[in-house]
Amino acid sequence: SSEERTLAMIKPDGVSGNYTDEIKRIVVEASFNIVKEMLTQLDKDTASAFYDEHSSRSFFPDLVTYMTSGPVLVMVLEKRNAVSDWRGLIGPTDAQRAKISHPHSIRALCGKNSQKNCVHGSDSTSSAEREIKFFFKDFVSGGIASQQHDEL
Ligand code: DAT
Ligand code: MG
């Protein structure tokens, strides 16, 4: 099918700030199907591995501390053009910039700055594939997925 999947995450400040329901409403309103979801607490190793591409950046230690500061809600979202549509919906990395340039974006809604930006979205279809496998090891597109469908 033409359906595509992306990995979305509501980060610790989004969950603790009670934005989960509002973000899920936006997700459903934008015609995404939430095919998997998992509330989990990232440990240091997991957060570091997830953001491995940024491991040499100066902000990396703070990023790992932030991402392990509370529960996160990880979701697999499905629709046509899921990857770029979700990136469009969340807005730019820096939530302060998002409030100006993309005032209706999710990061404008609940993000604080370039670190505490409330949500994650895969940046490409290959990242989406890696990130979905990272959190849902036995979840492969088109296969057992339909049997594991989690209703809202
Ligand atoms: P995105 O989450 O928009 O894909 P990214 O992949 O460049 O952005 O960075 C991953 C995360 O790292 C980002 O969501 C928050 C953190 N981060 C990025 N740039 C940062 C910066 N300049 N200062 C602090 N944290 C930053
Ligand atoms: Mg990224």
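This is a predicted model: local features need pLDDT of at least 70, side-chain atom pairs count only at pLDDT 80 or more; totals for chains, interfaces and linings use all residues.
Which residues of the largest nonpolar core touch the most other members? Residues are numbered from 1 along each chain as its sequence is written, and chains are lettered from A and ligands numbered from 1 in the order in which they are written.

**View 1. The largest nonpolar core.** Ala8, Met9, Ile10, Leu77, Trp86, Ile106 and Val119 touch the most other members of this core, which has 35 residues. A nonpolar core here is a set of buried Ala, Val, Leu, Ile, Met, Phe, Trp, Tyr and Cys residues joined through C-beta atoms within 7 Å. A residue is buried if 20 or more other C-beta atoms lie within 10 Å of its own, exposed if 12 or fewer, and partly exposed in between, with C-beta atoms placed from the backbone. Strand S3 (residues 72–79) gives the core its largest share, six residues. Helices (H or I, at least four residues) and strands (E, at least two) are DSSP runs, numbered from the N terminus. As background, nonpolar side chains tend to be buried together in soluble globular proteins. Take a look at Val119: leaving out residues up to four places away in sequence, Val119 touches Ala8, Met9, Ile10, Lys11, Gly14, Ile23, Ile90, Ile106 and Arg107. Contact means that the C-beta atoms of two residues, placed from the backbone, lie within 7 Å.

**View 2. Helix H5 and its buried face.** In helix H5 (residues 82–90), the buried residues are Ala82, Val83, Trp86, Leu89 and Ile90. Down the axis of H5 they fall within an arc of 135°, so they line one face of the helix; the arc is that of the directions from the helix axis to the C-beta atoms. These buried residues pack against strand S1 (4–10), helix H2 (20–29), S3, helix H7 (106–110), S4 and helix H8 (125–135).

**View 3. The surroundings of ligand 1.** Which residues surround ligand 1? They are His54, Phe59, Leu63, Thr93, Ser114, Gln115, Asn117, His120 and Asp123, where a residue counts as near if its C-beta atom, placed from the backbone, lies within 6 Å of the molecule. By class, this shell has two nonpolar, six polar and one charged residues. For these classes, Ala, Val, Leu, Ile, Met, Phe, Trp, Tyr, Cys and Pro count as nonpolar, Asp, Glu, Lys and Arg as charged, and the others, Gly among them, as polar. Thr93, in the loop between H5 and helix H6 (95–101), is partly exposed, with 13 C-beta neighbours inside 10 Å. Beyond its sequence neighbours up to four places away, Thr93 touches Ser114 and Asn117.

**View 4. His120 and Lys11, two annotated residues.** An unreviewed UniProt entry gives the annotation "active site" to His120, and the feature "binding site", also from an unreviewed entry, is placed at Lys11, Phe59, Arg87, Thr93, Arg107 and Asn117. UniProt positions follow the numbering used here, feature names are shortened, and annotations may be inferred rather than shown by experiment. His120 sits in strand S4 (residues 119–121) and is buried, with 22 other C-beta atoms within 10 Å. Apart from neighbours within four places in sequence, His120 is in contact with Ala8, Met9 and Lys11. Lys11 belongs to the loop between S1 and helix H1 (12–16) and is buried, with 25 other C-beta atoms within 10 Å.

**View 5. Pro71 beside Lys11.** Pro71 is in the loop between helix H4 (60–67) and S3. Although 60 residues separate Pro71 and Lys11 along the chain, their C-alpha atoms are separated by 7.5 Å. Pro71 is partly exposed, with 15 C-beta neighbours inside 10 Å.

**View 6. Two positive phi angles.** Most residues other than glycine have a negative phi. Asn18, in the loop between H1 and H2, has a positive phi of about 60° and is exposed, with 9 C-beta neighbours inside 10 Å. Ser31 has a positive phi of about 75°; Ser31 lies in the loop between H2 and strand S2 (33–40) and is exposed, with 11 other C-beta atoms within 10 Å.
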